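Please read these notes with the sequence and the model side by side. They cover ring contacts, charges over rings and some backbone features.

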Amino acid sequence: MAIRNLLNRSFVAGARFMSSWFRNIEPAPKDPILGVAEAFLADQSPYKVNVGVKCAYHNDKGKPVVLECVREAERRIAGNQFMEYLPIGGSIHMIEESLKLAYGDDSEFIKDKRIAAVQALSGTGACRLFAAFQQRFHPKTQIYMPVLTWANHHNIWRDAGVPIKTFRYYHPESKGLDFPGLMVDIKNAPDGSFFLLHACAHNPTGVDPSEEQWREISSQFKAKGHFPLFDMAYQGFASGDPERDAKAIRIFLNDSHLIGVAQSYAKNMGLYGQRVGCLSLLCENEKQAVAVKSQLQLIARPMYSNPPLHGALVISTVLGDPELKKLWLKEVKVMADRIIGMRTALRENLENLGSPLPWNHITNQIGMFCYSGMTPEQVDRLTNEFHIYMTRSGRISMAGLNTSNVGYVANAINEVTKSA
Ligand code: PGU
């Protein structure tokens, strides 16, 4: 009896100790982006529209899409014998195909084995791996990010312990690129700085530099010895042609830069939930590439040991088969064209409604998002009065618009902005 009391008492004391450990933990602030998706799900209105985040590509009927090339790849890999672990660096085939997409089918850098590359947990994982690598091997160097950028970029580099600086990018008045500001900031950054660049379809602004501007950016990088990491989460989604969307990277390669590339297949293959991507770093020679890859693996091993298999098999099956790759290119173009069509429709609807504001930026911007220029208060009205959900930054995910809801959304936007 006495022993049981003693045991009980020490159990209670132990429990008190454990609970006090958690008692000091405050709830984390809600993710400003993901809260929008939760509010959308809770809304019972039949008119509700989601143009917020985690807003995957939907077809014109408002239905999520599994690409035909992916369905066919899944049929082919069903029941296959590969259920074992991938190596730490991931699937060699998936990596090979990813490098061809980013660096070009006939890239001399691939032939010369100058690229260190590992499979990553989609675009986020690729960025995070790079940030950890930067922190380990260039610990005192900050990373320059554009104003604006995908909000999670800040979390990724902050959690990796890398100091963050910013450079001018978006120009709110023109709703376009602040090119002079950008060039000055690149010039004024200390030599050898690290820069995060969006390869195409900039998120959240939809504003990309022109080819000529990329050339100027590249030569200024050269003069300063800066290192660019290209985040390429939307290859194919901007123009409908993955080759064209890799233009910025190809310009930098032509100018003999060493670069990093973070690739994601979430959007362009519709593999959001499979978490498949690739991080690659172009080195000076094969020896460096071998060393760099081994160090990337050393960082990945204690984080997640090795990446998941299924998405990698899908990618290597689609991109490794000429017929399936052709089908994929066709399907990417259909998705991009539908989005481009929705830009035109949204702008035309607003203009036909007699909106007093200019809306040309809707069609000037490119990719999945339109940075509308609406204020947080106007977005609140869209949500509260019209059941239209988006981030308070005014970013519209074009993937959520279709021929049935674009008129409704345009009308609501006109209502909340016409007296501005
Ligand atoms: N880089 C950029 C520029 C992105 O926009 C995103 C996703 C990623 C990387 C990461 O993509 P993965 O899904 O990890 O491949 N941005 C989306 C997804 C929502 C989110 O916040 O995760 C968006 O709507 O902004």
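1. Helices (H or I, at least four residues) and strands (E, at least two) are DSSP runs, numbered from the N terminus. Residues are numbered from 1 along each chain as its sequence is written, the model is predicted, with local features needing pLDDT of at least 70, side-chain atom pairs counting only at pLDDT 80 or more, and totals for chains, interfaces and linings using all residues. Side-chain values use heavy atoms, with hydrogens and water left out.

2. Asn-203 and Pro-204 are joined by a cis bond with omega about 15°, and Pro-204 lies in the loop between strand S7 (194-198) and helix H9 (211-224). The bond from Val-147 to Leu-148 is also cis, with omega near 10°; Leu-148 is in the loop between strand S3 (143-147) and helix H7 (151-159).

3. Rings of Phe, Tyr and Trp (its six-membered ring) pair if their centres lie within 6.5 Å; planes under 30 degrees apart count as stacked, over 60 as edge-to-face and the rest as tilted. The count by this rule is 18 aromatic pairs. The ring centres of Phe-40 and Tyr-389 are 5.7 Å apart and their planes stand at 75°, so this pair is edge-to-face. Phe-40 belongs to helix H2 (residues 34-42) and Tyr-389 to strand S12 (residues 388-389), so the pair ties together parts 349 residues apart in sequence.

4. Buried means under 20% relative accessible area, exposed over 50%, and partly exposed in between (1.4 Å probe, protein chains only). Phe-40 is buried at 16%, and Tyr-389 is buried at 8%.

5. Tyr-47 and Tyr-408 have ring centres 6.0 Å apart and planes at 25°, so they are stacked. Tyr-47 lies in the loop between H2 and strand S1 (49-50), and Tyr-408 in helix H17 (residues 406-417), so this pair ties together parts 361 residues apart in sequence. Tyr-47 is exposed at 54%, whereas Tyr-408 is partly exposed at 26%.

6. A charge sits over a ring if NZ of Lys or CZ of Arg is within 6 Å of the ring centre and within 35 degrees of the ring normal. Lys-48 has its charged end over the ring of Phe-40, 4.4 Å from the centre. The charged end of Arg-395 is over the ring of Phe-369, 3.6 Å from the centre.

7. Ser-256 has a positive phi, near 60°, and is not a glycine. Ser-256 is in the loop between helix H11 (247-254) and strand S9 (260-264) and is exposed at 53% relative accessibility.
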